[in-house]
Amino acid sequence: MNTKNKIKSIHAVYVGFIDMGIHNLLWGISELELDCRAYDMPHCVSDDPDEYEKFLSFVKEAPTDIVLSQNYSPTVSNVCESLSIPYAAWTYDMPLSSLHHASVMNNCNFIFSFDKNQADFLIKKGVSNVVHLPLAANISRSALINITEADEKKYSCDVSFVGNILHKHWKDIYKNYLELMTEDEVQIMSSICDKAFGIWNGQRTINEALTPEVLSIFRKHSKASSPIDEKIYYEAILSYHLSSLEREEMLRSLLPFGVRHYAQTGISQIKGLESRPSLDYETELQKAYFLSKINMSITLHTISSGIPLRVFDILGMCSFCLTNYQSEIEELFDIGSEIIVYHNLEEIPGLVNYYLHHDEERLQIAVNGYRRVSNCYTWAKGVEKILNTVF
């Protein structure tokens with residue numbers, strides 16, 4: 001039986017999480033014409049007994065050879081374990097608290113991580129069937145986007161950044177810790193952030209700075225146990241705080257270029273910044289990417305080596321992407337001809353100015369980036385690798 005016929009003989013269930021609202025994986029499943037039923041689950045990370053029973057009943061309604069989802073769900077895993085059905089989860093978040101749930105040790109799991117370091121952590125933890133799998137571009141959806149004259153008026157701009165400054169949850173956590181710390185302890189935390197601020201060199205600066213002494217400071221002021229690995233949790237607290245400072249500084253440096261900022265939470269109060277509400281992922285985001293001459297990307301320091309989904313979404317719209325350096329970018333793309341990277345915040349204004357004044361070069365880079373993801377990194381190709389790995 002050839003690969004195509006083998007895939008068509010598989011009966012799958014796709015689980016989409018309502019709280020995330022991203023369903024690229026389902027597009028890849030459809031492209032492969034995989035026989036698939038879809039199930040909407042309210043939350044990805046929860047372990048709800050009622051939801052367990054509902055999903056169990058759904059899976060048992062028809063023959064099921066595999067269950068797939070974007071990101072990992074303990075509820076889905078436990079159902080699959082009880083039925084001895086393979087569960088393939090393709091992650092795109094880091095840290096992802098559900099990956100620290102006891103269910104990751106289930107034999108049914110096949111975890112496909114977008115970040116090599118995340119994959120290595122799970123393997124060292126003893127989790128079986130962990131595979132590194134970079135994310136992908138949704139080429140099929142891009143081809144269906146219809147850009148109208150009204151869209152051109154609404155979304156056209158020289159430079160844009162789509163992304164929140166800082167989620168209130170992480171802001172409150174960091175603030176609460178600081179209020180409990182001594183002045184010397186606060187200074188230690190500030191020093192860690194200062195050394196990592198605005199620098200992307202492939203090193204896990206914050207993680208490496210979390211020595212036993214620093215961890216003991218956090219531990220001393222913790223009121224509850226961490227929902228994830230202790231060091232990763234404290235790294236996330238500092239990383240989210242640092243990322244908020246970096247994103248604010250990046251936007252300030254781009255004010256002379258009329259940067260436009262789209263955000264759902266943590267709207268910046270920078271004077272003179274054009275701030276707009278968040279965009280619907282399925283219907284508006286691609287138009288904004290396509291009609292921005294330069295699309296900015298800046299990666300959270302919690303993502304240590306992988307390339308975030310934003311980069312693939314931009315390139316998938318045949319749009320120009322300027323992003324920070326990540327070690328995996330060198331492995332996946334030709335830097336300089338398919339994507340442009342900066343290693344620190346100081347490089348950004350010069351790069352933006354150059355590519356705004358070199359239209360032909362900028363457009364060619366966008367085309368090259370689109371060709372790369374079209375040929376190598378699509379959701380259908382990712383699903384095919386998952387299926388070939390599992391079966």
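**Figure 1. Strands β5 and β6 pair in parallel.** Strand β5 (residues 109-113) is joined to β6 by three bridges; two strands pair if DSSP finds at least two bridges between them. Helices (H or I, at least four residues) and strands (E, at least two) are DSSP runs, numbered from the N terminus. The residue of β6 opposite S113 is H132. The model is predicted: local features need pLDDT of at least 70, side-chain atom pairs count only at pLDDT 80 or more, and totals for chains, interfaces and linings use all residues. Residues are numbered from 1 along each chain as its sequence is written, and side-chain values use heavy atoms, with hydrogens and water left out.

**Figure 2. An open sheet of six strands has the order β2-β1-β3-β4-β5-β6.** Pairing in this sheet is parallel. Its edge strands, β2 and β6 (130-132), each pair on one side only. On average, neighbouring strands are turned by 20° against each other, direction ignored. Axes are lines fitted to C-alpha atoms, for helices over the stretch in contact, and angles run from 0 to 180 degrees between N-to-C directions. Helix α3 (residues 49-60) packs on the sheet and touches β1, β2 and β3, where contact means heavy atoms within 4.5 Å. The direction of α3 makes about 165° with that of β2. Helix α18 (residues 379-390) lies across β3, β4 (87-90), β5 and β6, and runs at about 145° to β4.

**Figure 3. Strand β1 pairs with β2 and with β3.** Six of the seven residues of β1 (residues 11-17) are buried; buried means under 20% relative accessible area, exposed over 50%, and partly exposed in between (1.4 Å probe, protein chains only). Seven bridges link β1 to strand β2 (residues 35-41), and the two run parallel. From β1 the chain passes through helix α2 (residues 24-31) to β2, a β-α-β crossover that is right-handed. A crossover is called right-handed if, with the strands pointing away from the viewer, the path from the first strand over the helix to the second runs clockwise. β1 also pairs with strand β3 (residues 66-70) in the parallel sense, over four bridges. In β3, V67 stands opposite V13.

**Figure 4. T75 is a buried residue of helix α4.** Helix α4 spans residues 74-83. The relative accessibility of T75 is 1%, so T75 counts as buried. Leaving aside residues up to four places away in sequence, T75 touches M41, S46, D47, D48, E51 and Y52.

**Figure 5. A further open sheet of six strands has the order β9-β8-β7-β10-β11-β12.** The pairing is parallel. β9 (274-277) and β12 (340-342) stand at the edges with a single partner strand each, so one side of each is left without a neighbour in the sheet. The twist from one strand to the next averages 25°. Strand β7 (residues 157-162) pairs with strand β10 (residues 292-297) in the parallel sense, over four bridges. M296 in β10 is the bridge partner of F161. Helix α16 (residues 348-356) lies across β7, β10, β11 (321-324) and β12, and runs at about 160° to β10.

**Figure 6. The largest pocket has a volume of about 1800 Å³.** Two or more lining residues come from each of α8 (168-180), α12 (230-253), β8 (260-263), α13 (285-290) and α14 (309-315). Helix α12 gives the most, with four residues. On a 1 Å grid over the protein atoms alone, a pocket is an open set of points with protein on both sides within 12 Å along at least five of seven lines, and a cavity is a set of points where a 1.4 Å probe fits but cannot get out; lining residues have an atom within 4 Å of a point. Grid points are joined across faces, edges and corners, and a volume is the space filled by probe spheres set on the points.

**Figure 7. The largest cavity has a volume of about 190 Å³.** The count of cavities of 30 Å³ or more is three. Of the 18 residues lining the largest cavity, Q203, R204, H301, I303 and S304 lie nearest its centre. Helices α10 (205-209) and α12 each supply at least two residues of this lining.

**Figure 8. R252 lies in helix α12.** At 42% relative accessibility, R252 counts as partly exposed. R252 and G369 are 117 residues apart in sequence, and their C-alpha atoms are 27 Å apart in space.
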